Protein chains: 2
Amino acid sequence: MIVTEEGRSARKRRSIMEAAATLFLRSGYQGTSMDEIAALAAVSKQTVYKNFADKERLFHDIIMGVAGTVEDFLRSVGDTLRDTEDLETDLHTLGRQYLQVVMRPQVLQMRRLLIGESARFPELARAYYEKAPERVLTALAPELSRLHDRGLLAVADPDLAARHFAFLILGTPLDKAMFVGDDTGFTAEDLDRMADEGVRVFLAAYRPAEPGSNS
Amino acid sequence: MIVTEEGRSARKRRSIMEAAATLFLRSGYQGTSMDEIAALAAVSKQTVYKNFADKERLFHDIIMGVAGTVEDFLRSVGDTLRDTEDLETDLHTLGRQYLQVVMRPQVLQMRRLLIGESARFPELARAYYEKAPERVLTALAPELSRLHDRGLLAVADPDLAARHFAFLILGTPLDKAMFVGDDTGFTAEDLDRMADEGVRVFLAAYRPAEPGSNS
């Protein structure tokens with residue numbers, strides 16, 4: 001009985017967050033009222049306020065929820081690279097995953113909304129940046145360092161190398177999506193190719209010189 | 001007399017645009033009224049409407065004005081690379097310039113505002129993207145192709161190579177600035193170093209194999 005009650009409460013909470021996200025994306029943060037959120041979620045305004053003290057709290061929880069969706073990818077970074085026996089293949093796999101994670105419509109939409117609201121919510125924007133984009137970089141850097149120690153990469157500055165890896169892959173599609181929306185015109189094949197080419201350039205720059213080569 | 005009249009008219013137009021930009025950045029597009037713009041510009045509301053049919057037109061002209069500020073850099077791309085006799089030095093110069101142009105507070109602020117409004121103004125956002133970020137890429141690509149023909153680079157796909165050049169340099173500081181604002185914590189020296197390191201990786205990947213090397 002308690003479980004059911006909790007389940008219903010969690011479902012309500014989720015439907016309020018979904019309704020709010022829909023409305024924020026449609027009308028902007030300022031253009032959305034708690035009344036409209038309650039109506040779309042089909043709950044009372046009282047229920048909305050019981051779950052979220054105010055509209056700002058609701059926005060915060062939605063944004064940080066999106067940030068939390070990188071968790072699986074963060075685990076994948078470690079799992080894939082830690083004991084790799086085929087670095088090239090594994091980096092390609094990771095590059096494609098990375099681009100797919102970032103290019104999910106939900107992530108792109110919330111990113112655009114948050115950037116637009118970042119002057120009003122500087123702390124939330126910074127918290128998101130630290131929990132999602134930057135966190136991937138800080139997860140990647142020590143793995144690149146480890147690969148350096150194993151002699152598989154030549155990485156003098158792991159933080160910088162992580163940034164190069166990230167933006168060789170994400171740069172173009174992410175920047176374009178910020179302006180033109182989800183419909184960048186890139187197909188799944190285009191994205192895979194961009195990831196592959198980014199990894200190729202990364203490896204060309206960061207692979208250790210082969211013994212006996214001239215460089 | 002006519003010249004003076006024109007000068008005064010241009011000054012008024014500029015002061016209206018500056019007032020509008022200030023208010024848009026402070027209160028958002030929706031949160032700003034034509035009345036407030038007129039008051040801050042110290043002109044009559046009639047003068048505002050004589051110069052700009054409506055608030056949307058004003059926003060459009062501000063955004064496209066910012067896009068136009070890449071013109072000097074676009075010329076520099078051609079001038080610097082066309083007959084280069086020291087590619088490495090010239091690419092470093094260009095890389096630093098590029099990052100400086102994009103990281104100007106005015107550009108960053110308008111970029112954030114436009115991204116936030118891109119759902120409401122999809123055509124304007126696309127027009128900006130095509131006139132500024134994408135235009136740099138399309139100016140860069142044929143220069144890289146020419147450098148390939150001269151044997152100074154090995155570039156199979158000039159469009160893709162232009163994107164790699166761009167985001168190796170811009171990626172981190174630009175993405176961070178979208179969330180945390182102008183105050184990214186990066187000094188001018190940090191930015192120069194990021195540009196230099198981006199160019200280094202670009203050259204490592206795109207320099208032709210030296211005759212006699214193993215690769």
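Visitor: What covers the buried residues of helix 5 of chain B?
Guide: The cover includes helix 6 (87-102) and helix 9 (133-149) of chain B. Please keep in mind that this is a predicted model.

Visitor: And which residues of that helix are the buried ones?
Guide: In helix 5 of chain B, residues 71-81, they are B:F73, B:L74, B:S76, B:V77, B:G78, B:T80 and B:L81. For chain A, the buried residues of helix 5 are A:F73, A:L74, A:S76, A:V77, A:G78, A:T80 and A:L81, and their cover includes helix 6 (87-102) and helix 9 (133-149) of chain A.

Visitor: Why is the pair of B:F165 and B:F202 called edge-to-face?
Guide: The ring centres are 5.2 Å apart, and the limit for a pair is 6.5 Å.

Visitor: How do you know whether B:F165 and B:F202 are buried or exposed?
Guide: Buried means under 20% relative accessible area. B:F165 has 2% and B:F202 has 0%, so both count as buried.

Visitor: What makes the pair of B:F202 and B:Y206 tilted?
Guide: Its planes are 40° apart, with 4.9 Å from centre to centre. Stacked needs under 30 degrees and edge-to-face over 60, so 40° falls in the rest, which is tilted. These two residues are both buried and lie four residues apart in helix 11 of chain B, about one turn of the helix.

Visitor: How do you know that the charge of B:K176 sits over a ring?
Guide: The charged end of B:K176 is 5.0 Å from the centre of the ring of B:F186, and the distance limit is 6 Å. Another case is B:K55, which lies over the face of B:Y29 at 4.4 Å from the ring centre.

Visitor: What makes up the lining of the second largest pocket?
Guide: The lining residues divide into 12 nonpolar, 13 polar and eight charged. Of the 33 residues, A:G116, A:E117, B:L113, B:G116 and B:E117 lie nearest the pocket's centre. Helix 1 (2-27) and helix 7 (105-117) of chain A, and helix 1 (2-27) and helix 7 (105-117) of chain B, each supply at least two residues. The space inside is about 620 Å³.

Methods: Residues are numbered from 1 along each chain as its sequence is written. Chains are lettered from A and ligands numbered from 1 in the order in which they are written. This is a predicted model: local features need pLDDT of at least 70, side-chain atom pairs count only at pLDDT 80 or more; totals for chains, interfaces and linings use all residues. Side-chain values use heavy atoms; hydrogens and water are left out. Buried means under 20% relative accessible area, exposed over 50%, partly exposed in between (1.4 Å probe, protein chains only). Contact means heavy atoms within 4.5 Å. Rings of Phe, Tyr and Trp (its six-membered ring) pair if their centres lie within 6.5 Å; planes under 30 degrees apart count as stacked, over 60 as edge-to-face and the rest as tilted. A charge sits over a ring if NZ of Lys or CZ of Arg is within 6 Å of the ring centre and within 35 degrees of the ring normal. On a 1 Å grid over the protein atoms alone, a cavity is a set of points where a 1.4 Å probe fits but cannot get out, and a pocket is an open set with protein on both sides within 12 Å along at least five of seven lines; lining residues have an atom within 4 Å of a point. Grid points are joined across faces, edges and corners, and a volume is the space filled by probe spheres set on the points. Ala, Val, Leu, Ile, Met, Phe, Trp, Tyr, Cys and Pro count as nonpolar, Asp, Glu, Lys and Arg as charged, and the others, Gly among them, as polar.
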